[in-house]
Amino acid sequence: MPPALPRPRPALALRWAALLGACLVALLIMGLAPSTAGAHNPPPPMLHIDTALRAQGIGNQFPSQAPATTVRLPDEWARTRGGLASPAWYRVQLPPLGSPGEDGLYALFVAHVCSNLEVYLNGERVHSGGRMSPPYTHNCNHPQLVPLPSVLLNREVNTVDLRVVGYPLAEVGSRQRAGALSGLVVGPQSELEARHAQLTALQVHAPQAVSATLLLMGGFMFVLGFINRRESHLAYFGALSVGWALVDSRLWLRQMPLGHSATEFLVCAMLGFITWAAVQFLLRYAGVRHRTVDIALPVQCALLAVSLVVAGPQRLYEVASLWYLVLALEVVAAALWHLQHQRHVRSVWVMGSLLSVAAVAGFTEFAAQWSGTRPLAAHVAQLVMPVVFVLVGLRLVQQHGRALHHAVQDKTLLEQRVREATAEIERNFRQMAELRVEQVTERERKRIAADLHDDLGAKLLTIVHTSDSERISTLAREALEEMRLSVRGLSGRPVRLADALGDWRAEVVSRLGQAGIEGEWEAPEDLPQTLSARAYVQTTRILREATSNVIKHSGASHCMVTAAITEGDLLFVVQDNGEGIGAEIDGRMDRGHGLASMKNRAKQLNGQCLVESGPGYGTVIRLTVPLESATQPS
């Protein structure tokens, strides 16, 4: 027995998954813990603002002379402003706020603004989210908490102006990156800080942590799969993880390294690369490589990039939306094919569960893209997809480690088997003498077969063609056929089952016809199996004997021979409409009419020959020959 090897810990992947989950929970708890400020004195109520006065204009003051309209918040530019460019001004009037609480500060909370904003309180700027000229600072996923200085607050009505800059829908690849402003909340800063921290953890810190994990794991998986070419699915999964981490970076990166148009183009083009990696991973993980898919996916990536360039920045959203639908359908089709192809694998339920979770998250994100709203489920869906990738990656690493463990174990077993094989070879050397005798015997059989064919066969053939006696000619022809059959058995060459069935059909139908019996033959065609020479000879003799019994003893006018392949066996049924076997013969069936020889020959082939008969009901002979033994060389 080989020495026991340490087994890999199967719970390693689960521990990593639990650690990742704990990190995410810790990030969320940062914003979920309720504030203790004001525990003794209840804080003033929050002021939720869902309407504002909107106007368009440049400068650092609200354009009072420009036409203004009242809009409801959230205000999605894709629906309310069409293709109008930035900036847009929003004005809200705050009623008297009263005492702000223990910390003495009020704040304005903006859950979502895209791309950036500045806040003015009573004409004075109190907050700027960053760059307000193209390329704008990207704050679409960064909630804004704006303290309202007490020195600027009036006792009566206060005016808050928000200058928002963003991009029209046509110039972005996703509706969530178009210009927009959510509803506003004004209240004590101590209370709003908890909400701000919660959303920041969910929309910024958690995607950062997951993207970093995905990037590191994806790079490791890509290198691992690139080194081990037989496990190419690891390389494709690594490329998928890295690509997804790069695309997800737009959720938390505020300053893009490139301009807006170049960044949007790269993000959209990267989705083609991600689809390429995802489809190839699902196929290769199932052990399938399709040449057409290998060619079509990179061509599709090139077509996606070309179509985006041809459409230009002003029509980016239309082209990108069409490609999103095509790419999503491709990934769904590949996932369904993977599950169908792997349905017999015991662990397919794990992959199926992860793919189902990813599908739900993808559908939620897709619905949010088309609806333009951003519910909490959409933010969670953005985290679910990369977390699923991390779990799949951990499972793949676990499987790879288990495979390495098995490889080491197999190596140890191989070394032991080499030692056993060496001992076996030594024993085989002692048996070489016997093998040489068998080889000499085989050569002698072939020599005898050749002599019979060349000498005796030629003489019998001469008798057949030169004899004036019909009886002698017939006997010589039968002897020639028997001699040829014996020669074939001695030669040891296998026979195609289809050819054997053709020979048997020709012989049986011909003999029955010569005896005035109507013969009928049914057998399958184009069978790929082969018969050993021994099986062919024995089966031929059994069929000959069965045919002879029908001709000589049955008194039949019709005989049906059926051949079939049933459960790995070659089955013959010979049925006539003759007189059957009488009671005086039934007691000695195994001794008369060649039935005993037929059964013995079938037994030599590990088969059986059964005879069913009754006076006046004809006779049925069932011959069963196992194909496994019949296809072994004699």
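Mentor: Phe237, Trp244, Phe281, Tyr285 and Phe389 form one aromatic cluster. This is a predicted model, in which local features need pLDDT of at least 70 and side-chain atom pairs count only at pLDDT 80 or more, while totals for chains, interfaces and linings use all residues. Residues are numbered from 1 along each chain as its sequence is written, and side-chain values use heavy atoms, with hydrogens and water left out.

A search of the whole structure finds twelve aromatic pairs (rings of Phe, Tyr and Trp, the last by its six-membered ring, pair if their centres lie within 6.5 Å; planes under 30 degrees apart count as stacked, over 60 as edge-to-face and the rest as tilted). One of them is the edge-to-face pair of Phe62 and Trp89, at 6.3 Å centre to centre and with 85 degrees between the planes. This pair links distant parts of the chain, 27 residues apart, since Phe62 is in the loop between β2 (51-56) and β3 (68-72) and Trp89 is in strand β5 (residues 88-94); strands are DSSP runs of E of at least two residues, helices runs of H or I of at least four, numbered from the N terminus. Phe62 is buried, with a relative accessible area of 8%, and Trp89 is buried too, at 0% (buried means under 20% relative accessible area, exposed over 50%, partly exposed in between, with a 1.4 Å probe and protein chains only).

Within the cluster, Phe237 and Phe281 form a tilted pair, 5.1 Å centre to centre with 50 degrees between the planes. Phe237 lies in helix α4 (residues 232-248) and Phe281 in helix α5 (residues 260-285), so the pair ties together parts that are 44 residues apart in sequence. Both Phe237 and Phe281 are buried.
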